[in-house]
Amino acid sequence: MAKKLLVLAFALVIASAFLVDLGRRDIDAAGDGGTLIRDASMVITMDAKLGTLENTDVLIDGDTIAAVGRGLRASGAQVVDGRDKIIMPGFVDLHTHLWQSLIRGCATDKELNGWLDECVLPLQRSPMNSADAYAGGRLSALDSLSTGVTTVNDWPHAFNADFNRGDLRALVDSKQRFVFTYMGGKDPAISQEIRRVKKDVIDPNPLARLMIGTHPATGNYENTLASEKLAEELGVSLNVHLHESKTDPATGQMDALRRAGALRPGLLTGHTIHMTDAELDELAAHDVRVAHNPLSNMRLASGVARVPDMKTRNMKVGLGLDGGTNDTSDMFNNMRAAVGLQRALSKDPDRYPTPTDVLRMATLGGAEVLGLDKEIGSLTPGKKADLLVIDTQALNFAPKVDWPAQVVFNTQPANVQWVFVNGVALKKDGKIVGDTGRAIADAQAAADRVKTYLGR
Ligand SMILES: [Zn+2]
């Protein structure tokens, strides 16, 4: 351990030297299973001081980014050829429901409430079990890893405790960094189960965090209040859907949050579309954060979130994929949608977010929303090694013109060659580590069962 710390400290010294000296350096590090990505054509660090670098190495030692610089040497480390490759921080998906891969393609002609009525609410009265949750969660987790999502905030719909256990198991097995949003409520048995899950599963796992989910509304105030109280007790944040559909404001969502004392730093609100100026001011004043889900909002005809107005108010905003309602885990597609929606609405090609802005929202911005920006979100030496490697030599990506812009506008999940989470390669040479064939077959079997519950 002491040796590892020494090695890391040495690497950090070298990395800081890199700021003023781009010459060759030798590091005798990572002899016990580290990874050296050598001579990457471009490294988009998302670190304000390091910026975007060319012909640069990235050294991973254990779970940490040990150094970013030229001519790094690491005896015993696996070496990945970085030529013609772009390295960037892994994506943070702030809002999803992984199990919903089981209802991909369901009710594509419906807005939110119609979609819920057809594809989700019937399942509350059905024997959804841990095997269903695991199968859907497993498929989505692998799909999301394949696109380069290294941190995911997953919210199963709490059909029952058994379903939650299966979903959580899929997350743990994925080896992704994750936030598990557990649906709270006034039933003391639910609170007790959440305390147990935090103590037994979340706290011992360095990749895991907890949030409490609730649906704030006048008619659901007691559950909202109990969820907020439990979140305060456990020192975690509340996660809600807010003003997603045009019918949501009339249900008293903002008022329920206000009365429950839930408008506080760290509260995560998904969608947050149908907002008045005063409501946005109120969220900003309390450092409430937003998960923007452009693909889902388009699919469900929900509207366009006022992301530029949130930026003006210095709110922390990141991106979410929102599970089955956008039918994909493709974060590149999601970034394009975030840029495109605002341009289409404003007819202004400079409208926030620009491609540079949206890259930040999908990485460091998402980490800030979760309060994890000291650990992840940029390729800063000392942070956890969550990163992806993009191959530029593809029909849909070449030639080289403006690579950071091409990451937003051209990249597809198939171009992602390597994905590392906490220093572990979970996608190697373009292939996901794990039995994808079995994940697909299990998801099909579960989807066939689920379809009978839907009665479609
Ligand atoms: Zn959602």
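**Starting with D39**

A: With 19 C-beta neighbours inside 10 Å, D39 counts as partly exposed; the classes are buried at 20 or more other C-beta atoms within 10 Å of its own, exposed at 12 or fewer, and partly exposed in between, with C-beta atoms placed from the backbone.
Q: Okay, and where does D39 lie?
A: D39 lies in strand β1 (residues 35-44). Helices (H or I, at least four residues) and strands (E, at least two) are DSSP runs, numbered from the N terminus.
Q: What about the phi of D39?
A: Phi of D39 is positive, about 60°, although D39 is not a glycine. Most residues other than glycine have a negative phi, and most peptide bonds are trans.
Q: Before we go on, what kind of model is this?
A: A predicted model: local features need pLDDT of at least 70 and side-chain atom pairs count only at pLDDT 80 or more, while totals for chains, interfaces and linings use all residues. Residues are numbered from 1 along each chain as its sequence is written.
Q: Which other residue has a positive phi without being a glycine?
A: H243 has one, near 45°. H243 sits in the loop between β10 (237-242) and α7 (253-259).
Q: Is H243 buried or exposed?
A: H243 counts as buried, because 23 C-beta neighbours lie inside 10 Å.
Q: And T312, buried or exposed?
A: T312 has 12 C-beta neighbours inside 10 Å, so it counts as exposed. T312 belongs to helix α10 (residues 307-312).
Q: Which peptide bonds are cis?
A: One runs from Y352 to P353, with omega near 0°, and P353 is in the loop between α11 and α12 (355-369). Another runs from A398 to P399, with omega near -5°; P399 is in the loop between β14 (387-391) and α13.
Q: Let's zoom out. How many helices and strands does the chain have?
A: The chain has 14 helices and 17 strands. Its radius of gyration, 22 Å, is close to the 23 Å that the globule rule gives for 456 residues, so the chain is as compact as a globular protein of that length. That radius is taken over C-alpha atoms, and the rule is 2.2 Å times the number of residues to the power 0.38.
Q: How much of it is buried?
A: Of the 456 residues, 54% count as buried.
Q: What are the domains?
A: Domain 1 is 2-89 + 385-432 and domain 2 is 91-369; the bounds come from an automatic or database domain assignment. Their C-alpha centres lie 30 Å apart.
Q: How many residues are in contact between them?
A: 20 residues of domain 1 are in contact with 23 residues of domain 2, where contact puts the C-beta atoms, placed from the backbone, within 7 Å. α13 gives the largest share of the domain 1 side, 5 residues.

Technical notes
Contact = placed C-beta atoms within 7 Å.
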